[in-house]
Amino acid sequence: MKHRRSFLRTHPVLAVAVTVGILVGSGALAATGGGRPERRAVSVPATQRPDTESLGTAGSPPASPKSAAPSQSKKALEGTRCGLSAKLVPGCGLLWGVAPGAFTDLPSSKALGNFERTTGRPADILHSYHRGDEVWPTADEIATVQQARKRILFANWKVAWNTTWADVAAGGQDARIDRAAARLKAFPGKLFVALHHEPENDVRAGGGMTARDYAAMYRHTVLRLRAAGVTNVVFVMVYMAYEPWCVQPWFGDLYPGDDVVDWIGMDPYLFARPGGYGHGDFAYLVDRTSDPAKWPGFYTWATRTHGNKPLMIAEWGVYEHAADPAQKAWIYSTVRQQLGRFPAIKALVYFDSPNAPKGDTRPDSSQAALSEFQKLAASTVFSVTL
């Protein structure tokens, strides 16, 4: 997804351009989304119902993963038992988060409260989106993370808004970066920051927007923030993880270096409508491939190539298929069943929207979907101490 709140409603020309970019980059043009269905109980098809459940619930502990990713270093995953390391990596379990009320005008705090009441679990991560000279973190975001129930802010920032990656890398936006540095140093606690998430969709052959320009922009921004005294930011390199981009010859050029990347993130989505690209279970969501000889799947690639980095599902969602709400419910059930197969994943951040570009990703778009999502939210694997 790109920018998530009400700007597009007041800038219709940009809305068309951004939406087309999203649909092409996500493969969504090949599928259709549904509207908000009537809420009714629908049984999950017996042929799709999980045989077992990998994650614990409030009454049982989570199952331990059978094996860890071969190349994962212990240092990257260290932390106290169910607490957090210096890089916000949980010592056990996963962080649970959300981008609440996306593509609506609701303040983050109110949208977050709605999501938590609906799903039955407080979020560890509040995901927000900013660009250019916007003042962030906002007062609302700061107030939300300072509530009695602690949360971690995860901010996406498009540093090069209205300019180019090459311009940022060359120092053309240093004043913008310095203003952000002052606000970040004043922020109460640690936070995640992603710099221009999903860059694959914006790579061009020239014009200051090549993959190498992106890596240079990212490095310059991180190093300048650090030089200004910013020590409370954990940097996340967030990929779209769309397979046609992953096999491009420039894909490897996007990575800015281990010294400026703390976590690797991905933004995969699923369609509840069967029969096309993007319909499948959780394993398909995080490791899909049409040809393993050309692309092993994002999870496999990340753990092989950057195995010392924890992984974050920085956005994920399931587009409702109103004709068969059982499909979305089934997909949610596979998360509980399969999450333990992917031990490098240390955070799961949902994208909650009634009108995302290809449909309704809200967990309560049907009663069947909500029931399964609440079971996922109740898993004790998300019981991390902040």
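The model is predicted: local features need pLDDT of at least 70 and side-chain atom pairs pLDDT 80 or more, while totals for chains, interfaces and linings use all residues. Residues are numbered from 1 along each chain as its sequence is written, and side-chain values use heavy atoms, without hydrogens and water.

The side chains of Asp133 and Arg176 form a salt bridge (3.0 Å, N to O), a term for a side-chain nitrogen of Lys or Arg within 4 Å of a carboxyl oxygen of Asp or Glu. This pair links distant parts of the chain, 43 residues apart, with Asp133 in the loop between strand E2 (125-131) and helix H4 (139-145) and Arg176 in helix H6. Helices (H or I, at least four residues) and strands (E, at least two) are DSSP runs, numbered from the N terminus. Asp133 is partly exposed at 46% relative accessibility.

## A second salt bridge

The structure holds 13 salt bridges. One of them joins the side chains of Lys87 and Asp262 (3.3 Å, N to O). Because Lys87 lies in the loop between H2 and E1 and Asp262 in the loop between H8 and E6, the pair ties together parts 175 residues apart in sequence.

## Helix H11

In H11, 13 of the 13 residues are buried, so the helix is largely enclosed by the rest of the structure.

Terms used
Buried means under 20% relative accessible area, exposed over 50%, partly exposed in between (1.4 Å probe, protein chains only).
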